[in-house]
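Visitor: I would like to learn how to read the packing of helices in a model such as this one. Could you take me through it step by step?

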Amino acid sequence: MSDFDPMRDSTHVRSYRSPSRRALLKAGVAAAATAPFLMRIDEAIAQGITPKRGGTLTSLLTPEPPVLMIGVNAQGPTLTAVSKIFQPLFTYTPTLDFEPVLAKSWTISDDKKVYTFHLQENVKFHDGQPMTADDVIFSAMKFWMTLSLRARIIFARIEKAEAPDPHTVVFTLKEPFAPFLYGFGGTGFMIVPKHLYDVADLRNNPNNAKPVGTGPFKFVEWQRGSFIRLRRNEEYWKPNQPYLDEIVYRIVPDSQSRALALQSGQVQLAGGNDIEPFDLPRFQAQPNLSVTLKGWEYYGPLAWIDINKRVKPLDDARVRRAMSMALDRNFILQKLWFGSGKVATGPLCETTKFYDASVKLPPFDLAAANKLLDEAGHKPDASGVRFTIRHLPLPYGEVWTRLSEYFRASMQKIGINVTMETTDAGSHSARMAKWDYETSINYIYQVGDANIGMEQYFTSENIKNVAFNNVGGYSNPRVDELLAKSRYAIDPVERQKLLSEFQRIAVDDMPYIYLLQMSFPTYYAKRLNNTVTTAMGIADDFDDVFLA
Amino acid sequence: MSSNRLQAMPRLIGWRVLKMAAMVLAIVVVNFLLIHAAPGDPASAIAGQSGQADAEFMRQLREQFGLDKPLPLQLWIYIERVLTLDLGVSHRLQRPILTVIFERLPATLLLTGTAFLIALASGVALGVRAARKPGGIADTLIMGGSLFFYATPLFLVGIVLVLVFGVWLNWLPTFGMETVDMPLQGIARATDIARHAVLPVITLAVFYSAVYVRLTRASMVEVSSYPFIKTARAKGASETRIRWVHMLRNALLPVITLAGIQAGHLVGGSILVETVFAWPGIGSLAFEALLARDYDLLLGIFLCTSVVVLTFNLLTDLVYLAFDPRVQAL
Amino acid sequence: MRSFIRRYPRMVIGASIILAVICLAIAAPILFPFSPWEMRGAPFEPPGSPGFILGSDALGRDIAAGLAHGTWVSLLIGGVSTLASLGIGISLGALAGYVGGRVDDAVMRFAEFFQTIPSFLLAILLVAIFRPSIFSIITAIALVSWPPVARVVRAEFLSLRKREFVQAAEVLGVSHFRIVWQTLLPNALPPVIVLGSLMVANAVLTESALSFLGLGDANWMSWGFLVGSGRSVIRIGWWISVLPGVAIVITVLGLNLLGEGLQTWLNPRLSKRDLP
Amino acid sequence: MTCKLLAVEQLSIGLPAYADRAQAVSKVSFSLGEGEILCVVGESGSGKSMIANSIMGLLSKELPVLGGRIELQGIDLLNQTPAQLRILRGSRMGMVFQEPMAALNPLMRIGDQIAEVFQVHGIACSQERVADLLRAVNLPDPEVLVRVYPHMLSGGQRQRVVIAMAIALEPSLLIADEPTTALDVTTQAQILKLIRDIQRRRNTGVLFITHDFGVVREIADRVIVMKDGELVEHGSADDVLERPLHDYTKKLLAAVPRPNMDAPRPRADRAILQASGLRKTYWRGSKEVAALNDISLDLRKGETIGLVGESGSGKSTLARTIVNLVTPDSGEIRFEGTDLRSLSRKQWKPFRKRIQFLFQDPFESLDPRRTVGDIISDGPIAHGTSAAEARAIAREKLQLVGLDPSAVVRWPHEFSGGQRQRIGIARALAMNAELLIADEPVSALDVSVQAQILDLLEGLRDKLGLSMLFITHDMRVAAQICDRIAVMKLGEIVEEAPARELLSNPQHPYTRMLIASVPGLAAGSVVGSAMETS
């Protein structure tokens with residue numbers, strides 16, 4: 001659930017996504033954990049590092065968020081910044097298990113229809129008002145239902161929402177829904193104060209200018225185009241936390257300037273698309289910096305080539321498979337992304353629940369690709385060209401442009417001519433929505449569960465004139481059926497079976513040419529501790545981050 | 001006669017302002033149509049940003065931004081708003097457009113204004129020096145240098161300056177407008193901002209000044225052949241005096257024209273320099289607005305630059321009027 | 001010839017540079033008989049590496065090949081957009097200057113409109129409207145750069161109209177069309193030609209800036225594309241950006257020198273001093 | 001006259017390599033005494049201005065002094081440092097230039113420009129002193145004048161200001177380089193008088209450069225005549241004017257226009273051009289200026305009417321109104337009975353063949369980018385003649401005006417001023433015009449060329465039976481070629497009469513003033529003396 005969004009940054013060229021956070025050293029903490037943060041500190045102390053109060057963390061934020069309010073905007077940078085101000089009921093461990101935040105614990109009825117959350121007590125919003133069950137219900141049923149498409153899909157299944165006491169929330173579903181709990185975690189669901197938001201126009205609510213949440217940091221000032229300043233929440237519900245006095249996000253539109261700022265120590269943290277992949281090797285060698293590829297498990301960004309299956313000869317699965325076989329994913333990973341991420345093996349990322357490792361893509365093999373095209377009846381003409389297709393590059397950064405160029409050069413090798421149709425960011429999604437493309441590049445977030453992040457790209461009910469849906473017109477009744485069933489399957493084994501079959505079909509039909517499981521490196525100064533500890537990467541609340 | 005000129009002023013200015021207003025209105029209409037001709041709209045841009053969309057969501061957004069109405073009606077509504085000086089709210093930034101623009105104005109003017117003044121002063125001084133002996137060494141060096149900077153892409157100059165002064169020598173900050181980690185006040189803050197401004201201002205100034213150098217030199221050479229220069233020589237005036245008192249004032253007339261046009265454009269900032277140096281100016285704001293199809297913000301910026309450009313045209317004419325006694329009308 | 005060189009050294013240098021650049025464009029398919037987009041080896045090979053005289057880029061493409069093939073596109077964009085804006089500018093300027101009155105007023109207001117918006121921003125907007133392609137880039141550059149041409153032509157026409165040889169044609173009963181075509185235009189052209197050479201230079205720069213911002217045409221190798229694509233990796237491979245940058249500088253320099261030279265050459269007052 | 005003020009010995013000045021001769025001035029020697037006026041006479045290109053500039057040290061670098069000496073009161077001017085020379089300029093020697101309109105800095109107040117002369121020589125300057133100077137050059141209201149800018153003054157007033165600056169420090173040498181050439185004749189007379197007054201009052205030596213023998217007669221004590229950089233004749237004014245020795249001097253003197261003494265030609269009955277009630281007003285800023293104020297004119301078949309007036313009198317406007325280059329506000333123009341004013345552009349076209357126009361400036365009136373043949377063929381082609389035929393016409397007409405027909409393939413810049421004016425005439429006659437409007441066709445030409453062109457026009461007129469409206473500012477020229485003369489002033493014709501009648505017995509005071517101002521008149525009028533001999 002949730003609605004976060006890809007960091008498609010319209011502004012310059014870099015896309016981005018956000019990360020989240022904190023180090024959950026203990027992988028298996030799930031439902032009833034009560035004080036995980038203490039454990040983390042214990043852990044730290046055990047390693048000889050005592051959390052230290054004080055200091056300002058200066059970080060990069062690219063591109064500048066248009067607004068600092070969850071729901072209203074779901075771009076990566078927005079989430080990175082607001083995740084310090086607002087908090088969810090729980091967050092995710094790197095293996096996508098649940099770790100409590102504002103919910104102390106929760107229980108699920110045996111029929112999987114009743115979910116009961118027990119909330120932390122003594123939690124106050126930044127304006128001093130206590131956070132209660134009413135706020136949670138309001139956030140789910142009103143705030144997120146209105147503003148988030150993904151949340152709407154999930155919460156629409158709620159029959160009733162009740163607050164038996166101020167610290168307990170009970171949701172009763174109309175019918176079982178397997179990934180329901182994913183609607184309440186991470187950046188996709190954060191608690192907003194009902195007393196400030198219970199008005200008609202959420203999008204233009206005046207309080208959006210000064211976000212009020214429960215998080216460890218309060219909003220102080222925002223000089224547009226320059227920086228955002230957050231300050232320690234002295235009333236934070238975890239005693240003695242957070243450790244940092246301030247977090248400053250600097251807005252630096254130029255990638256080289258950002259790299260320079262990081263290198264010179266002017267900023268201590270960079271993530272998302274702050275740093276171009278090209279710079280990865282250089283920073284890995286930098287002694288005062290750490291680089292991690294963790295923190296993207298929840299988002300699970302998967303890059304693929306989107307194909308308009310209405311266009312001949314792209315309607316032929318053999319052609320799509322041949323195209324897939326002509327791409328050297330290792331080259332892409334190593335030469336374009338400098339090793340950050342993994343090659344794709346199918347429609348799901350390894351970290352996504354119900355990923356099936358036995359599903360494999362056809363191997364890189366130009367000869368086989370040529371043969372397949374010959375078989376499909378596309379013989380090369382005198383100049384070696386079989387056919388020509390148009391391609392819409394993704395306007396979110398240099399590396400995507402390079403990828404499109406690589407795609408073109410590779411297709412050339414199997415006799416497919418590719419014509420580029422560059423667009424700016426404003427036009428790209430409009431053209432996709434109008435189905436006005438033949439091939440394009442895109443990347444999608446899987447958000448933990450196969451039925452949440454990518455379902456709409458495969459089911460025929462989502463063939464719509466709306467971007468980020470099945471705009472390519474892929475339609476396979478069996479896939480529709482498998483995904484529909486898995487949505488409501490309660491038994492994990494049953495779901496795995498259904499989704500494994502889906503993954504096999506999604507590779508055979510190749511409606512998309514899966515390329516990379518992306519992972520955006522997070523760069524941070526060595527003296528910054530607990531930077532990436534959860535599946536949310538740097539989009540976590542940072543209440544345990546400290547500067548040594 | 002000169003008092004006549006001055007008496008007629010208010011009426012002349014009034015008339016000009018009226019014409020300007022008509023011009024601005026026409027500009028608003030054309031800009032509006034131009035911007036709406038771009039494929040995509042704010043709704044699709046928002047969908048693109050959030051990586052998700054459904055038909056209902058898009059419909060809601062369009063309704064909210066008034067995009068569901070027919071274009072002429074949208075235009076009419078927009079004009080009505082502009083007439084009441086309401087430039088609207090940026091859907092993306094969720095803030096009044098005038099506020100956003102005014103917020104960026106100081107940084108923009110600090111960058112472009114300083115660069116402009118430096119360019120003007122140095123350009124005129126170097127142009128005068130070059131014209132002293134056309135074909136001489138100084139002339140060749142100055143003209144060669146200005147030509148070189150004029151021919152070098154602006155962003156390349158910026159990148160090289162960053163590499164040299166920011167990275168190799170590490171003398172100056174390379175991005176942003178001020179240090180925000182520690183709050184500075186008063187003189188310390190001014191110094192800090194000045195240090196940040198050095199590289200972007202220089203980048204822009206060398207580019208701007210190339211034009212002034214060339215224009216001033218050409219104009220000086222031209223003026224030097226005017227008969228009144230010979231009159232001054234015949235009087236026994238020294239060459240220095242002739243150059244600065246007689247030639248320069250006359251040679252400045254075309255420079256004033258150019259400076260007037262450019263001064264109007266300063267408010268638009270410089271997209272390239274702002275991008276390279278992370279300078280929070282209006283140029284990058286406009287570029288972001290364009291990419292995000294933030295129509296109202298873009299229209300607002302265009303409108304503001306138009307008004308400022310036209311105002312500066314008027315001011316230039318007024319300066320002319322004060323500067324050149326021969327000019328009688330606006 | 002020698003005295004010509006001595007009298008117009010700038011023009012000779014400028015023309016030589018431009019000629020060399022044109023030769024490079026023509027020779028590109030012979031020197032590098034493969035697509036400049038082809039990945040021919042390891043990425044980020046420095047200049048002088050085997051197979052890469054000027055190094056390779058992020059995808060292992062040959063910079064030298066890109067530079068040579070890109071010459072053609074940069075010149076094409078510069079040349080065609082300049083011709084187009086000269087076309088617009090001369091027509092409108094001639095119309096305004098010859099007809100005068102309200103037509104003049106209308107044309108000049110129209111030109112003024114184009115000058116109230118920062119021209120680079122307008123170019124970006126136009127490219128976005130038309131979708132980035134070599135055609136839209138040319139169109140955008142042409143559309144934002146015609147007003148100065150119109151102004152110059154109009155001013156020339158206004159002053160030429162008062163000249164006696166134009167009045168002489170009028171008195172002879174020569175038609176409007178012929179007066180404009182055979183008398184006014186040839187005489188108004190010299191400053192326009194000078195302006196034109198500078199506009200080509202500007203167009204080359206604008207194309208590179210558009211590419212730098214990611215609004216180039218990805219089907220055509222151009223210098224601007226190279227500079228833009230190399231910028232983000234400038235610390236790994238400075239040559240990717242800098243060498244094409246140098247090519248731009250040299251070409252623009254050549255065009256400017258040519259323009260200045262033409263100015264001296266075409267202006268009888270400067271070239272041949274009236275003798276007592 | 002006894003005391004030698006200026007001595008020029010064997011002065012030679014070089015020319016740039018691309019010029020048509022090696023030296024601008026070669027081996028010229030002369031001297032000038034205190035209180036003496038020496039006129040240097042010559043046609044354009046004779047090097048006379050360069051002598052003046054070399055004395056002042058104002059020659060451009062392309063014109064180096066190759067040899068000789070220039071001594072001013074014993075100071076060797078050619079061997080002074082630039083700084084020393086600067087101090088001498090203004091204090092010991094002052095200079096007045098030809099173009100009063102451009103000789104003053106347009107952005108500086110008159111008072112400041114005059115005061116500058118004192119300042120640059122380190123002399124304190126009071127307002128009073130500037131005012132005195134302005135009074136000395138007969139300018140009214142000095143207190144107001146010091147605060148105005150040059151563009152508010154007329155040409156004559158500006159020239160007075162320049163003179164005021166030149167004499168401010170009472171220099172012993174005043175150099176005047178064609179100071180009255182650009183001025184109207186009445187103004188010229190005043191300026192000449194002023195220079196003479198100053199010279200007498202202050203005993204200044206004046207080196208006066210001119211091309212006009214009338215002016216020489218008016219002002220000179222002694223004269224030197226220059227030709228192609230060489231001094232050809234040197235002597236007292238009387239000797240040179242009355243008893244010239246050198247052929248060139250004789251030729252120049254003979255070329256000075258003089259009234260036609262033949263019996264008046266009979267006046268035809270049939271009018272070819274009739275104008276009546278013509279009015280034209282211009283707006284100058286917010287002021288209305290009448291260029292034509294109720295003008296009526298009656299030109300008969302075969303007749304030449306001279307239209308004489310000073311600048312701003314409206315004579316050119318009238319000429320241009322007749323050929324529809326200027327649209328009058330009201331009035332009537334009839335050509336052989338047809339009202340030209342009511343015609344559309346298309347209806348006008350047949351008349352274009354019959355009415356032609358001759359322009360003033362031979363350098364301006366030919367398109368520099370087209371060949372002579374093309375230029376002359378324009379008219380015939382515009383009226384439907386084939387290109388080949390038009391080319392033949394061009395050759396024929398070139399012959400008619402005394403040029404080689406091969407000129408059709410050449411460019412205008414290959415011809416001298418007089419030749420160009422011939423080309424202009426050939427163009428005007430290419431369609432067998434009946435009426436020729438000639439707008440100052442000889443005023444930009446040197447006097448010897450002027451005489452040739454006037455002869456040519458006269459000959460053609462008789463040969464082709466042309467009717468002519470001849471516009472000129474020079475009464476002498478009008479007297480030579482015209483049957484009748486109309487005098488214009490401020491948009492009105494103040495007097496019109498047969499040429500001889502008007503000259504010998506002018507009625508209107510303005511006409512009388514014009515005639516009195518013709519230079520040389522006082523010292524034995526060119527007009528007057530010729531009249532007497534008749």
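**Reading a helix pair**

Guide: Before we start, keep in mind that this is a predicted model. The pair to look at is H5(B) and H6(B), whose crossing is left-handed.

Visitor: Which residues of H5(B) and H6(B) make the contact?

Guide: On the side of H5(B) the contact is made by B:Leu126, B:Arg129 and B:Ala130, while H6(B) brings B:Ala138, B:Asp139, B:Ile142 and B:Met143 to it. By class, the residues in this contact of H5(B) with H6(B) comprise five nonpolar and two charged ones, with no polar residue.

Visitor: At what angle do helix H5 and helix H6 of chain B pack, and how far apart are their axes?

Guide: In general, a pair of packed helices is described by two quantities, the angle between the axes and the distance between them. Here helix H5 of chain B, residues 97-132, packs against helix H6 of chain B, residues 137-151, at an angle of about 140°, and the axes lie 7 Å apart. Because roughly antiparallel requires an angle over 145 degrees, H5(B) counts as oblique to H6(B).

Visitor: Turning to chain C, how many helices and strands does its secondary structure have?

Guide: Chain C has 11 helices and zero strands, and its C-alpha atoms fill a box of roughly 75 × 50 × 30 Å along the principal axes.

Visitor: What share of the residues of chain C is buried?

Guide: Of its 276 residues, 61% count as buried. As for the surface, chain C exposes about 10500 Å², of which carbon and sulfur atoms supply 69%. Among contacts in chain C with a separation of 6 or more, 68% come from residues 24 or more positions apart.

Note on methods. Residues are numbered from 1 along each chain as its sequence is written. Chains are lettered from A and ligands numbered from 1 in the order in which they are written. This is a predicted model: local features need pLDDT of at least 70, side-chain atom pairs count only at pLDDT 80 or more; totals for chains, interfaces and linings use all residues. Side-chain values use heavy atoms; hydrogens and water are left out. Axes are lines fitted to C-alpha atoms, for helices over the stretch in contact, and angles run from 0 to 180 degrees between N-to-C directions. Helices (H or I, at least four residues) and strands (E, at least two) are DSSP runs, numbered from the N terminus. Angles under 35 degrees count as roughly parallel, over 145 as roughly antiparallel, 65 to 115 as roughly perpendicular and the rest as oblique. A crossing is left-handed if the near helix is turned anticlockwise from the far one by less than a right angle, and right-handed if clockwise. Contact means heavy atoms within 4.5 Å. Ala, Val, Leu, Ile, Met, Phe, Trp, Tyr, Cys and Pro count as nonpolar, Asp, Glu, Lys and Arg as charged, and the others, Gly among them, as polar. Buried means under 20% relative accessible area, exposed over 50%, partly exposed in between (1.4 Å probe, protein chains only). Accessible areas come from the Shrake-Rupley method with a 1.4 Å probe; for residues, only the protein chains shown count as cover.
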